[in-house]
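The sequence and the structure come first, and the description follows.

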Amino acid sequence: METARLSRVALTAMVVGSMVGAGIFSLPGVFARHTGPQGGLAAWGIAGSGMLTLAMVFQFLARRRPDLDAGIFAYAQAGFGRYIGFLAALGYWTAACLGNVSYFVVFKATLGAVFPFFGDGDTVSAVLTSSVLLWATHFAILRGIRQAAGMNTVVTIAKIVPIIIFIVCVAFALDMNVLNENLRAAAGAENGSLLGQIRGTMLVTVFVFLGVEGASVYSRYARRPDDVAVATVAGFLLVLLLLVSVTLLSYGILPRAELAGLRNPSMAGVLRAAVGPWGAVLVSSGLMVSVAGAYLSWILLAAEVLHAAARAGVMPAFLARQNRHGVPDRALWLSNGVVQLFLVGTLFTQDTFLLIKTMAGSMSLVPYFFVAGFGLLLTCRGESHGGWTRQRKFELCVAALATAYASAMILAAGLDYFVLSSLIYAPGTVLFILARREQGQTVFAPFEWLILGIVALGCAAGLWGLVSGGMRL
C-alpha cells in the first residue's frame, strides 16, 4: 500500500496543531503569577530566540540529513549512540503522553465551570469521561494517517480563529492606565529580581513550544524534504506571534493580581473583562476545539516516535508493526494505554495541571538538547557542507546557541525535575534491553553504562523522596 504524502500546508498545520493546545489558553494567569509585562516580554524574548534557533536546527538537519526521517530521536541516535537515542525517544514520547493528559484535564476543568462534578478536571467523573473520549479517538485514528492528518488541518484552522478574535478584541479594549500600573507594580522590589521572575516562567514556555518538531517527526511522509524545513519555521513563527500577543495584551485589561487569580482557562476571564460574558463562552469553545486538535496531533506524534524507534532497533520489534491502513497500531495502543494510566494518576495528585505542564516540559528538554548537540556535531565535522562556507558558519552559530539554550533550560528546571524524569527513564530502559536482546547485540556500550548509572541514581533519589515525603506530586 502506498504511504500517504503530506503537503507543505499539512505539515505546517501539524506544527501549529501540535504547539497550540491547552497551554496558550492559560498563559495570562500563569505569567501573571510569576511576573509582570517586563518579565513577560523578556521571557518570550529569551524563549522565542532559543526555540527559534532550535527550530532552525530542525530545519537544516532536515535538509542536511534527509535520511534521518524519524525526526527527534533519530538525530540523537546518530550523534550519540543507541541508548541516548532511546532516551530521547522515550522522553519525547512521555512528554507527548503527558501533554495529552493535560488536554483532558483542562478540557474537563473548563466544563467544570458549568458542571461542578468535573471539578478542576481531576475528579472521578472527569477521568471516566476523558477515558471514553480517549478510546473513541483511538479507534478513529486506527482508520489511517491520511484521514487523521486531514482532520488536523481543518481543526487547526478552526482553533486559531478564536485566538485571533481574542487578540483583536483585547487590542481594541486595551486600557493604557491598567497597563502602566502593571508596569509600575512589576518593577517594585517586593516582586523580586527580574531574572527570578523570568526563571519562574521558563518551563511554561518550554511546554507551550512543544511540537515545534512536528513536521520533522513526520518527515518520512513529506512530499519533498524542503517542505519539512519551511513548515517547521513558518509554524513556529506563527505560534510565537500568538503566544506573545495573548500574554502581553492581557496586562492591559486587568491588574496583575486579578490576572493571577483567574480560573483556567484564564484567557476566558480576560476576554470577559474586555467584551462581556460572550467572550468567556468564545474562549471556552475555542479551548475545546484546540484541545481536540492538539490531542489528535500529539497522539499521532507519540505513536510515530515509538514506531520509528522500533524500526531503528532501539525499541522492541512489536512496536514497528502497522495495520492495513498504515497506522502503527501497536505503538498507538501502548501510547493510549499509558495516557489512560496517567489519567487515573490525576486522581492522586495535588496541582494536576501544573505538575503535568512542568513534567512534560522537563521530559522534552533532554531530546531537544541532544538534537541541538547533533546539529553542533554535524556542522563541526563538516558533513555534507563541503568546506567552511558562510552557510556552514551560520549553521554552526545557530546550533551552538540552540545547545546553550537547551542546557540553560535543563539547569533552570532544577534537580527535582531530573529526578522525576528518571522515574520514567529508568524503568523504561527495559524496552531498550528487550530490543537489544532481540537483535542479539551487546546491550550497553561502555560509556552508556555511566549514563545508565546516572539515570538509576536519579530514579533511586526520586523513589526515596516520594517514600520519605520529601517530594510530593
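## Helix packing and aromatic pairs

The axes of helices α5 and α19 cross at roughly 35° and come within 9 Å of each other. On the α5 side the contact is made by R82, Y83, I84 and L87, and on the α19 side by E448, I451 and L452. By class, these residues are 5 nonpolar, no polar and 2 charged. The model is a predicted one.

The protein chain has 19 helices and 0 strands. Of its 473 residues, 58% count as buried. Among contacts between residues at least 6 apart in sequence, 83% join residues at least 24 apart.

**Helix α2 and its partner**

Helix α2 covers residues 27-34 and packs against helix α9, residues 194-209, with the axes 8 Å apart and at an angle of about 155°. The two helices are therefore roughly antiparallel, as angles over 145 degrees are counted that way. From α2, the residues L27, V30, F31 and H34 take part, and they meet Q197, G200, T201, V204, T205 and V208 of α9. This contact has 5 nonpolar, 5 polar and no charged residues.

How much of α2 is buried? The helix is mostly covered, with 6 of its 8 residues buried. These are L27, P28, G29, V30, F31 and A32.

**The nonpolar core**

The largest nonpolar core holds 142 residues, and those that touch the most other members are I24, W44, F86, F166, F209 and M315. Helix α5, residues 82-112, gives the most to this core, with 20 residues.

For F209, leaving aside residues up to four places away in sequence, the residues touched are M19, W44, A47, G48, M51, F236, L240, L243 and Y368.

**Aromatic pairs**

Across the whole structure, a search finds 13 aromatic pairs. Two of them are set out below.

| Pair | Centre to centre | Angle between planes | Arrangement |
|---|---|---|---|
| F31 and W44 | 5.2 Å | 10° | stacked |
| F432 and F444 | 5.6 Å | 40° | tilted |

Which residues do ring pairs link into a cluster? The cluster consists of Y83, F86, F432, F444 and W449. Among them, Y83 is also part of the contact of α5 with α19, and F86 is one of the core residues that touch the most other members.

Technical notes: Residues are numbered from 1 along each chain as its sequence is written. This is a predicted model: local features need pLDDT of at least 70, side-chain atom pairs count only at pLDDT 80 or more; totals for chains, interfaces and linings use all residues. Side-chain values use heavy atoms; hydrogens and water are left out. Axes are lines fitted to C-alpha atoms, for helices over the stretch in contact, and angles run from 0 to 180 degrees between N-to-C directions. Helices (H or I, at least four residues) and strands (E, at least two) are DSSP runs, numbered from the N terminus. Angles under 35 degrees count as roughly parallel, over 145 as roughly antiparallel, 65 to 115 as roughly perpendicular and the rest as oblique. Contact means heavy atoms within 4.5 Å. Ala, Val, Leu, Ile, Met, Phe, Trp, Tyr, Cys and Pro count as nonpolar, Asp, Glu, Lys and Arg as charged, and the others, Gly among them, as polar. A nonpolar core is a set of buried Ala, Val, Leu, Ile, Met, Phe, Trp, Tyr and Cys residues joined through side-chain atoms within 4.5 Å. Buried means under 20% relative accessible area, exposed over 50%, partly exposed in between (1.4 Å probe, protein chains only). Rings of Phe, Tyr and Trp (its six-membered ring) pair if their centres lie within 6.5 Å; planes under 30 degrees apart count as stacked, over 60 as edge-to-face and the rest as tilted.
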